[in-house]
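Have a look at the model first.

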Amino acid sequence: MGTLIIGKMESGVVVKGQNLVLMPNKVGLLGFCSVNLQSLIILQQPVQVIQIWSDDVETDRVVSGDNVKFKLKGIEENEIQSGFIICSPDALCKVGRVFDAEVVILEHKSIIASGYTCVLHIQSAVEEVSVKMVICTIDKKTGEKKKSRFVRQDEKCIMRIESTEAFCLEPFKELPQLGRFTLRDEGRTIAIGKVLKVVE
């Protein structure tokens with residue numbers, strides 16, 4: 001019969017009957033015994049678009065910027081979560097747990113340093129994250145970078161952020177729609193940021 005999903009086209013074109021990939025799906029950790037390393041395994045879920053609606057009007061084609069509803073073949077509703085992305089098999093989005101980001105602290109009473117935890121909102125994905133390290137602060141006027149172990153309110157910095165779960169994201173320079181995020185703590189937005197590099 002098909003599974004219905006709702007979202008927004010961030011880039012590209014989708015046509016009825018097109019074969020796409022849902023990401024990240026069936027993410028797991030695979031241990032390698034010989035060196036005790038863990039590697040992130042991402043299995044892409046192939047799907048086919050069997051019906052398309054744009055703003056509740058059935059159509060055969062949608063483009064970037066459209067609010068869409070797709071009926072998909074090849075996946076069940078319980079295999080889909082908020083924050084999943086549909087991609088072309090030729091242009092898969094990046095999936096990661098650790099990334100470097102440029103962050104501006106908007107409102108926070110104390111310092112933010114390694115080990116600080118909060119909630120990241122990127123597109124419709126919501127993930128618990130922790131600050132792995134503050135790499136440097138950036139002077140807002142001159143752009144000068146200065147090594148630091150912490151950051152305060154009204155400061156700009158580059159930090160490495162880590163999540164327990166893998167999710168879809170892209171460097172801001174490559175795809176701004178998947179490279180912008182907010183950090184929230186106790187129901188308040190404490191920072192805004194953009195992804196610079198997906199580390200792992």
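Start with the charges: the protein has 26 positive and 26 negative ones, and their mean positions lie 6 Å apart. Here Lys and Arg count as positive and Asp and Glu as negative, with His and the chain ends not counted; each charge is placed at NZ of Lys, CZ of Arg, CG of Asp or CD of Glu.

Before going on, note that this is a predicted model, where local features need pLDDT of at least 70 and side-chain atom pairs count only at pLDDT 80 or more, while totals for chains, interfaces and linings use all residues. Residues are numbered from 1 along each chain as its sequence is written, and side-chain values use heavy atoms, leaving out hydrogens and water.

Now the overall fold. You'll find 17 strands and zero helices (DSSP runs numbered from the N terminus: E, at least two residues, for strands; H or I, at least four, for helices). The C-alpha trace spans about 55 × 45 × 30 Å along its principal axes. Of contacts between residues at least 6 apart in sequence, 68% join residues at least 24 apart, a contact being heavy atoms within 4.5 Å.

Zoom in on strand 11 (residues 117-122). Six bridges tie strand 11 to strand 12 (residues 125-138), running antiparallel; strands pair if DSSP finds at least two bridges between them. Leu120 has Glu127 as its bridge partner in strand 12. Two residues sit between these strands in the hairpin, where Gln123 takes a positive phi near 55 degrees. Strand 11 also runs antiparallel to strand 16 (residues 180-185), joined by three bridges, and there Val119 partners Arg184.
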